Amino acid sequence: MSFKVFISYATKDTAFAELVKLKIKELLPHHNIEATEVFDVRSNLAVGADIRRSIKSAIEEASTVVVVSSEGSDLSPWVNYEVGLADALGKELVFVEPKGATDSELHRRFIESARIIKVENG
């Protein structure tokens with residue numbers, strides 16, 4: 001069985017997002033899974049593909065949407081689109097942010113319905 005995760009993050013958070021991808025099984029231990037597929041728009045989107053359609057399809061297929069929570073994610077139209085779509089589709093939302101970071105606006109907006117995970121940055 002494969003577990004599909006969509007990861008959403010602002011471009012300025014790419015380095016932290018890569019760390020999150022490496023730790024995905026550790027961060028989502030409640031899932032008894034053999035393999036995890038992580039969809040990352042920046043590395044999984046085919047050149048020339050319809051971006052909105054590809055994102056929608058990937059989120060529909062995902063069990064969980066992991067959001068790298070930051071000031072950058074608050075300002076990113078794409079992250080806001082992806083989070084809103086995931087919420088509308090009833091997907092599990094997991095916000096991941098560095099320990100000690102200020103809570104993002106997205107984090108605060110979804111605090112009642114999402115899981116929040118703090119991770120050492122490094």
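1. A residue counts as buried when its relative accessible area is under 20%. Keep that cut-off in mind for this predicted model. Phe-95 has 0% relative accessibility, so Phe-95 is buried. Phe-110 is buried too, with a relative accessible area of 9%.

2. Now the aromatic pairs. A pair of aromatic rings is described by the distance of the centres and the angle of the planes. The model has two aromatic pairs. In one of them, the ring centres of Trp-78 and Tyr-81 are 6.0 Å apart and the planes stand at 85 degrees. An angle over 60 degrees counts as edge-to-face, so that is the label for Trp-78 and Tyr-81.

3. Where do Trp-78 and Tyr-81 lie? Both are in helix α6, which covers residues 77-88. They are three residues apart, or about one turn of the helix. Trp-78 has 36% relative accessibility, so Trp-78 counts as partly exposed. Tyr-81 is partly exposed as well, at 25%.

4. The rings of Phe-95 and Phe-110 form a pair with centres 6.1 Å apart. Their planes are at 25 degrees, so this pair is stacked. Phe-95 belongs to strand β4 (residues 92-98), while Phe-110 sits in the loop between α7 (105-109) and β5 (115-119). The pair therefore ties together parts that are 15 residues apart in sequence.

5. Arg-52 lies over the face of the Tyr-81 ring, at 4.7 Å from the ring centre.

6. Is β4 mostly covered or mostly open? Mostly covered: six of its seven residues are buried. Strand β3 (residues 64-68) pairs with β4 in the parallel sense, over five bridges. Within that pairing, look at Val-67, which stands opposite Phe-95 in β4. β4 also pairs with β5, in the parallel sense and over five bridges. Here Val-94 has Arg-115 in β5 as its bridge partner.

7. Last, the largest pocket. Its volume is about 150 Å³. Which elements each supply at least two residues of its lining? They are β1 (2-8), β2 (35-40) and α4 (51-61). The largest share, four residues, comes from α4. Lining residues include Lys-4, Phe-6, Glu-37, Phe-39, Ser-54 and Glu-61. By class, the lining has six nonpolar, two polar and three charged residues.

How values were computed:
Residues are numbered from 1 along each chain as its sequence is written. This is a predicted model: local features need pLDDT of at least 70, side-chain atom pairs count only at pLDDT 80 or more; totals for chains, interfaces and linings use all residues. Side-chain values use heavy atoms; hydrogens and water are left out. Rings of Phe, Tyr and Trp (its six-membered ring) pair if their centres lie within 6.5 Å; planes under 30 degrees apart count as stacked, over 60 as edge-to-face and the rest as tilted. Buried means under 20% relative accessible area, exposed over 50%, partly exposed in between (1.4 Å probe, protein chains only). A charge sits over a ring if NZ of Lys or CZ of Arg is within 6 Å of the ring centre and within 35 degrees of the ring normal. Two strands pair if DSSP finds at least two bridges between them. On a 1 Å grid over the protein atoms alone, a cavity is a set of points where a 1.4 Å probe fits but cannot get out, and a pocket is an open set with protein on both sides within 12 Å along at least five of seven lines; lining residues have an atom within 4 Å of a point. Grid points are joined across faces, edges and corners, and a volume is the space filled by probe spheres set on the points. Ala, Val, Leu, Ile, Met, Phe, Trp, Tyr, Cys and Pro count as nonpolar, Asp, Glu, Lys and Arg as charged, and the others, Gly among them, as polar.
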